[in-house]
Amino acid sequence: MIPTDFEYYLPATISEAVHLYRTLKNHGKKPLYYSGGTEIITFLRLHLIETGAVININAIPECRQNNLIGDSLTLGSSLTLTEIEEANVFPLLSAASAGVADHTSRNKITLGGNICGMIFYREAVLPFLLCDSYCMIAGGDGVRKAPINSLFNKSLQLTEGELLVQIITQKRYLDLPFICIKRRQQWETGYPLVTVAALRNGNEIRVAISGLCPFPFRSAKMEADLNNTKLSLEERIELAFRHLPAPILHDVEGSAEYRLFVLKNTLLEIIPKLEAGAIA
Amino acid sequence: MHDFPLSKRRIILNINSEDVDIYIRAADLLLDTIRESLGLTGSKPGCLNGDCGACTIILDEKPMKSCLMLTLEAEGKKIMTIEGLKNTPIQKAFIEHFAFQCGYCTPGFIMNCHSLIKNQPNADPHTIKEWLQSNICRCTGYQEIETAVLSVLRKDYNK
Ligand SMILES: Cc1cc2nc3c(=O)[nH]c(=O)nc-3n(C[C@H](O)[C@H](O)[C@H](O)COP(=O)(O)OP(=O)(O)OC[C@H]3O[C@@H](n4cnc5c(N)ncnc54)[C@H](O)[C@@H]3O)c2cc1C
Ligand code: FES
Ligand code: FES
């Protein structure tokens with residue numbers, strides 16, 4: 001049971017949602033955009049957050065879009081992860097999201113909720129970081145387009161009241177060779193020890209990681225070392241590890257040392273396979 | 001202006017093919033409404049976090065964890081709970097294959113398996129495994145549950 005009451009709104013347009021947010025905030029309601037609601041419900045139940053109003057974004061057509069038109073794929077932020085997997089237009093994203101939670105929960109967890117949520121694994125962001133995707137963000141001044149690699153720094157850097165509406169990915173990235181591996185402490189569902197999503201774009205290998213640090217990341221400096229084919233693979237990984245962000249997670253799921261060991265072995269597995277050719 | 005506070009509503013829920021007219025709080029969880037307001041106690045509370053699947057219902061053909069859903073979100077949709085299933089093949093298969101021990105997880109498993117059978121009649125082993133991972137059984141009867149599902153999906157399956 002959620003002990004505290006809140007108001008519930010279901011706007012039909014982006015501008016209505018953004019306007020509602022501003023009005024409710026001015027009335028001291030601490031509003032929240034509500035997408036799948038799984039994190040909001042859990043955190044409210046555990047008294048980890050409080051709100052006086054939720055704004056459900058599922059009736060906004062732009063947030064529900066799933067279109068491959070011309071040279072770009074547009075994915076609305078309130079699409080559920082299973083809707084994305086079933087359409088399977090972006091196989092790397094299907095693979096990354098299939099690792100999140102379990103099938104029934106993914107009928108409710110949404111793309112935007114996973115990426116904007118406080119639970120820091122945010123595994124669905126990895127493919128977009130690798131594909132230099134763009135975010136459509138709605139705020140008081142209308143809708144703006146921003147590259148995800150500048151907007152996402154540990155978390156999506158939205159200003160208060162901004163709404164992630166869509167993520168746009170160029171079609172040419174959708175069929176590139178990729179590998180996505182999620183390593184867990186045990187079982188086949190659950191949070192990752194380390195998740196590595198990797199993509200080959202021409203001769204360049206791109207890597208994005210979740211579960212190692214308390215945020216997902218892609219590092220240009222690490223990729224430069226990993227792509228230095230003059231060195232042995234072990235040397236490349238060793239050099240790349242100098243650029244790992246801090247802190248490395250050290251918790252009940254696994255020690256920092258173990259996570260690094262798992263990451264190294266995962267990279268040793270992924271990179272030769274991607275260098276050898278197409279993998280989907 | 002609104003007739004009543006926005007945090008409370010009167011709504012019609014379609015549950016097990018019947019329309020019910022109820023007052024709810026916007027903050028009410030579907031699991032609580034089903035069990036406490038409607039007295040349908042087949043859907044079980046377990047973890048309340050989305051981990052165990054004991055609370056699984058079917059919403060517009062899809063399995064959903066009713067602990068992770070506001071009652072308001074089910075307005076205009078068709079909710080099916082274990083009480084709405086009568087003599088379905090998967091219920092019979094659970095009995096024939098002894099696919100439960102204490103039975104606490106059983107309603108949730110049956111709703112998920114029923115939805116799998118309806119949505120994916122030709123499910124491959126990977127799909128079956130993926131769907132079944134949404135529910136936890138503390139009595140560890142997974143093998144029997146898988147056998148029950150396979151016995152319905154593959155008419156010739158007899159293990
Ligand atoms: C059982 C379970 C297992 C999980 N396992 C994993 C896992 O393995 N890996 C993983 O990465 N995550 C996992 N998660 C975390 C889950 O992906 C996140 O909690 C995610 O937030 C849930 O998405 P949602 O759509 O329900 O979000 P919501 O609860 O709707 O929203 C979460 C937060 O994001 C904000 N928000 C939502 N949409 C937008 C938007 N469009 N614009 C701006 N802000 C927005 C909300 O205001 C809220 O603060 C798991 C969650 C559950 C319940
Ligand atoms: S009670 Fe809903 S998943 Fe455990
Ligand atoms: S039969 Fe006891 S929990 Fe599954």
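Predicted model: local features only at pLDDT ≥ 70, side-chain atom pairs only at ≥ 80, totals over all residues.
An oxygen atom of ligand 1 sits 3.0 Å from a polar backbone atom of Ile40(A). For Ser35(A), a backbone N or O atom is 2.9 Å from an oxygen atom of the ligand. For Ala101(A), the corresponding distance from a backbone N or O atom to an oxygen atom of ligand 1 is 3.3 Å.

The ligand itself is placed between chains A and B. Around ligand 1 there are 36 residues, and those that come nearest are Tyr33(A), Thr38(A), Thr110(A), Gly113(A) and Glu123(A).

Chain A also holds a helix pair. The axes of α10(A) and α11(A) are 10 Å apart, and the two helices pack at an angle of about 130°. The crossing is right-handed. On the α10(A) side, the contact is made by Leu233(A), Glu234(A), Arg236(A), Ile237(A) and Phe241(A). Their partners in α11(A) are Leu260(A), Leu263(A), Lys264(A), Leu267(A), Leu268(A), Ile271(A), Pro272(A) and Glu275(A). Sorted by class, the residues of this contact are 9 nonpolar and 4 charged, with no polar ones.

The loop between α10 (233-241) and α11 (256-276) of chain A contains Pro247(A). The peptide bond that joins Ala246(A) to Pro247(A) is cis, with omega about -5°.

Helix α2 (residues 89-96) and helix α5 (residues 142-153) of chain B have axes that come within 9 Å and cross at roughly 135°. The two helices, α2(B) and α5(B), are therefore oblique to each other. Where α2(B) passes α5(B), the crossing is right-handed. Helix α2(B) contributes Pro89(B), Ile90(B), Ala93(B) and Phe94(B), which meet Ile145(B), Ala148(B), Val149(B), Ser151(B) and Val152(B) of α5(B). This contact of α2(B) with α5(B) comprises 8 nonpolar residues, 1 polar residue and no charged residues.

One backbone feature of chain B remains. Glu61(B) is not a glycine, yet its phi is positive, at about 80°. The residue is located in the loop between β3 (56-59) and β4 (62-65) of chain B.

Terms used: Residues numbered from 1 in each chain as written. Chains lettered and ligands numbered in written order. Heavy atoms only, no water. Axes fitted to C-alpha atoms, helices over the stretch in contact; angles between N-to-C directions. Helix = DSSP H or I, 4+ residues; strand = E, 2+ residues; numbered from the N terminus. Parallel < 35°, antiparallel > 145°, perpendicular 65-115°, else oblique. Left-handed = near helix turned anticlockwise from the far one by under 90°. Contact = heavy atoms within 4.5 Å. Nonpolar A, V, L, I, M, F, W, Y, C, P; charged D, E, K, R; others polar. Near = heavy atom within 4 Å. Polar contact = N/O pair within 3.5 Å; in protein donor to acceptor, adjacent residues only side chain to side chain.
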